[in-house]
Amino acid sequence: MQSTLLQALTPKVLLIDDQNLAAELVEGMLYGQEDIELKHLTDPLKAVETALAFNPSVILVDLVMPTISGFDVLHALRSCSSTVHVPTILLSSEDKPELKAKGFSAGANDYLVKWPDKQELIARVRYHSNAYSALLQRDHTFQSLQKSQEELLLKTHELAESQAALFQAQKIEAIGKLTGGVAHDFNNVLQIISSNLQLLKIENPGNEKMQHRISAALEGVKRGALLASQLLAFGRRQPLQPGAVDIGALLRGAHELLRRSLSASVTIETEIDEHLWPALVDGNRLENVILNLAINARDAMQGQGHLRIEAKNFIHDDVEIRKRFDLDFGEYVQISVSDTGPGMSEEVKSRAFEPFFTTKEYGEGTGLGLSMAYGFAKQSRGHIDIDSRVGHGTMVRLYLPRAVERSTDAAIPQSNDGADAHANPAATILVVEDEEAIRAATAEILRKSGYRTFEAAHAQEALDLLLAGTRIDLLFSDVIMPGPLRSTELAKRATELQPHIKVLFASGFVDERLLANGTLPPGVMLLGKPYSKEDLVAKVQEMLSTDRTAVRS
């Protein structure tokens with residue numbers, strides 16, 4: 001039987017008898033035995049089917065029934081691999097030795113003459129249930145031991161390599177979680193600073209000295225936000241908008257950018273497979289990754305050497321590669337960036353993807369370029385690896401999943417400059433944010449931009465306001481908030497209550513509440529923290545001026 005040990009330890013009795021009176025008698029004898037569960041089956045032809053579904057620890061079978069006999073039922077149970085070992089007790093009104101012998105020969109575990117004493121029936125049920133439990137435990141232990149031995153023999157020769165890879169993956173994962181959490185909290189702090197600075201700037205338009213100092217402080221906020229975004233990229237918490245991207249067109253378009261960004265002493269060679277597949281990826285983010293890899297290669301070559309970028313199709317069906325890379329089988333686009341630099345030692349290579357790790361001199365790099373590429377690859381459901389030896393240069397290979405839809409050129413971000421913040425001054429916005437300082441400053445900025453606002457400290461408070469009938473044109477909600485009601489559930493309820501409502505999320509990072517397969521679902525709009533007044537108002541106006549609904553059921 002397919003059963004857990006816990007289930008097997010609980011007595012479950014299946015009675016197969018065409019007479020309902022038999023069930024009443026057995027039920028009466030088992031009365032008071034609260035841990036024993038009884039099920040009655042009147043159709044013996046369904047014995048195996050019912051046993052598979054009920055998972056009994058003991059089966060009681062009447063010997064004489066109108067359709068088939070108890071011997072036939074016993075034969076059917078013993079012919080099924082899942083019920084062959086379930087203890088079966090034959091019930092008969094005849095106390096004949098030849099019937100008992102035939103029953104035991106057919107595989108019965110016991111034989112009872114109708115009707116035994118109550119205590120005897122209970123004792124036999126418990127005895128056979130415990131025996132069956134012991135059998136299951138023995139088989140389970142044996143199978144586990146056998147499986148462990150087979151796996152041990154299979155993996156002994158690769159144990160050291162697997163342990164090293166596991167340790168590195170766990171370390172990178174732990175660092176990613178830590179940096180993602182720190183970046184989230186850091187972004188919230190930056191949002192408080194940024195919002196209040198922007199309010200000061202609005203409220204003091206004629207104070208040139210103050211305006212200058214506020215602008216300088218806001219530049220510092222931008223630098224902090226850039227650092228946080230790099231940490232989020234490594235932690236796989238950056239918002240991605242993947243689509244089918246023509247990688248060949250992207251790399252050809254990036255050639256001129258690379259030529260301008262690299263030294264004139266660095267020659268660039270690009271080789272693209274003639275029948276290259278499109279990749280399912282965020283084109284803008286990929287272009288940044290390629291640029292970072294190229295700049296790393298330039299620095300490794302100290303400004304002179306040869307940079308080669310290659311793109312080709314890659315079909316992954318190798319078990320060993322899957323073990324090493326943690327990459328699902330499938331079709332991928334492989335992008336390789338190789339240089340003629342000095343290469344890396346094994347120690348450096350093992351730490352290359354760690355954030356802030358760098359071999360450059362102080363002030364020459366942040367150590368976040370490769371970690372950002374690592375996070376991007378993993379969040380895109382791909383992989384990145386390094387092939388390097390001292391004295392033989394370095395090759396970084398990026399694997400991106402193939403897109404099945406028609407490819408497009410990498411998306412070009414559209415500017416929001418010039419958006420009219422006052423085009424819809426009558427709109428009402430509900431700001432939902434558990435950080436009081438952020439909530440108050442955000443609502444104040446929106447009010448100064450001509451909007452009516454309501455505030456809520458958590459999702460339930462916002463829902464109560466919606467349930468009260470307050471018309472809201474746009475719900476602006478933080479993603480991560482305390483309380484049992486999640487922000488995504490609030491958004492769904494809001495659109496059900498007020499179908500016209502638009503939903504805009506804000507977060508210091510993107511987590512599992514919004515991510516679908518590592519990316520933002522279609523229709524979900526997200527404003528990353530820290531956001532500026534201009535970004536906030538432009539996004540609000542953009543959403544209020546369209547019929548697009550951000551959350552769909």
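**View 1. Parallel pairing of β7 and β9 in the predicted model.** Strand β7 (266-272) runs parallel to strand β9 (residues 305-316), and 7 bridges join the two, strands counting as paired if DSSP finds at least two bridges between them. Within this pair, V266 stands opposite G305 in β9. Helices (H or I, at least four residues) and strands (E, at least two) are DSSP runs, numbered from the N terminus. The model is predicted, so that local features need pLDDT of at least 70 and side-chain atom pairs count only at pLDDT 80 or more, while totals for chains, interfaces and linings use all residues. Residues are numbered from 1 along each chain as its sequence is written, and side-chain values use heavy atoms, with hydrogens and water left out.

**View 2. The open sheet of 5 strands.** The strand order is β7-β9-β10-β12-β11, with mixed pairing. Its edge strands, β7 and β11 (383-388), each pair on one side only.

View 3. Strand β1 (residues 12-16) pairs with strand β2 (residues 37-41) in the parallel sense over 5 bridges. I16 stands opposite L41 in β2.

**View 4. Contact between α3 and α4.** The axes of helix α3 (residues 47-54) and helix α4 (residues 70-79) come within 9 Å and cross at roughly 50 degrees; axes are lines fitted to C-alpha atoms, for helices over the stretch in contact, and angles run from 0 to 180 degrees between N-to-C directions. A47, V48 and A51 in α3 meet V73, A76 and L77 in α4, contact meaning heavy atoms within 4.5 Å.
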